[in-house]
Amino acid sequence: MIREALGVSIASRDDLVHLSGEADAVHAARQIIETLGEGSGRGELSRREVLNLISDIAAQAPAEGPVIFDDNGAPGSPGAPGIPDGPVVEVLDAPTWEGRLNVYANGRAIRPKSQNQAIYLEAIRDHDLVFCAGPAGTGKTYLAVAAAVHLLKAGRVKKVILARPAVEAGEKLGYLPGDMQAKVNPYLRPLMDALHDMIDYPTIKRFMLNDVVEIVPLAFMRGRTLNNAAIILDEAQNTTHGQMKMFLTRMGERSKMIVTGDTTQTDLPDPAQSGLVDAIRRLRRTPGIAFCTLEKSDIVRHQLVQRIVEAYGDEGPERR
């Protein structure tokens, strides 16, 4: 409950409880655990009592620096003179990304392959809302999904939500058979491809059954408030102004939102109505929001993709 409410990582080993995360959250978690320890002799606490305690302490003063406390709340280290042995809460520095993202598949690490990609990942780390625009093959979606999985694995978020507008790329496919999931799967397949590259199939299946990972069409996002989540909107150039506003206002407490798209590949009837272009223009000077641009030089697909992008780059928007 503490981990989910505060977004900290908690590990218990022997008589030690290790806390790591943002300084304010770690400080609050330490206070909660100490208070729970003091009240442990009075019998079992109800879930509501614990939630009220978390709420009260989380609203208090900001964090102090990293320190080790004994079970009486005194600073020091285990076994030091005058400090009794017993359970210890060790507050660690907030973990950094250290230039790589840890994902589930075989413990593999994903690293940026260009300077702009590194800037993109730093923006995701440091901001709650990030816009990234760039041509095909630059890793916009892949790195966003990797960052979301990293945050999930680190316990910083409780779920990952991947959304995409269901817009056809210049073709009318007509009626699609199957239930609603079968109808939208073709539009969401690119997100699944990235996810399968990072998490093994049994884990993905378990996450989706438990609603830890959710892949939804943008139209299904209306009316929701998304707390403690990493939320990705892919192919955002195909949103309208209204859809983009609707998506951005879904953001809840302790969430990160990443919006990606390629402004040169809009599939809307009127490219001028792109919600991505409009949002970048409207929010450019808004504090707390990061904007990243990936270039042709950041393309990490087959070497021919960069040449193809360059060849099509001379045509006007109406031809793209």
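## Meeting V216

Leaving aside residues up to four places away in sequence, V216 touches I161, L162, A163, R164, L188 and M221, where contact means heavy atoms within 4.5 Å. This is a predicted model, in which local features need pLDDT of at least 70 and side-chain atom pairs count only at pLDDT 80 or more, while totals for chains, interfaces and linings use all residues. Residues are numbered from 1 along each chain as its sequence is written, and side-chain values use heavy atoms, with hydrogens and water left out.

Where does V216 lie? Its place is strand β9, residues 213-217. V216 is buried, with a relative accessible area of 8%; buried means under 20%, exposed over 50% and partly exposed in between, using a 1.4 Å probe and protein chains only. One of its contacts, A163, is 53 residues apart from V216 along the chain, yet their C-alpha atoms are separated by 5.0 Å.

## The whole chain

Stepping back, the protein chain has 10 helices and 12 strands. Here helices (H or I, at least four residues) and strands (E, at least two) are DSSP runs, numbered from the N terminus. Of the chain's 320 residues, 42% count as buried. Among contacts between residues at least 6 apart in sequence, 70% join residues at least 24 apart.

## Two nonpolar cores

In soluble globular proteins, nonpolar side chains tend to be buried together. A nonpolar core is a set of buried Ala, Val, Leu, Ile, Met, Phe, Trp, Tyr and Cys residues joined through side-chain atoms within 4.5 Å. Which residues touch the most other members of the largest core? Of its 39 residues, they are Y120, V145, L162, L195, M198 and I215. Helix α5 (residues 140-153) gives the most to this core, with 9 residues.

Take I215 as an example: beyond residues up to four places away in sequence, I215 touches L162, L188, L191, M192, L195 and M208. There is also a second, separate core of 22 residues, including F131, A229, M257 and L276.

## Where two helices cross

Now look at helix α8 (residues 241-248) and helix α9 (residues 275-283), whose axes come within 8 Å and cross at roughly 60°. That makes α8 oblique to α9; angles under 35 degrees count as roughly parallel, over 145 as roughly antiparallel, 65 to 115 as roughly perpendicular and the rest as oblique. Axes are lines fitted to C-alpha atoms, for helices over the stretch in contact, and angles run from 0 to 180 degrees between N-to-C directions.

On the α8 side, H241, M244 and L248 meet G275, L276, D278, A279 and L283 in α9.
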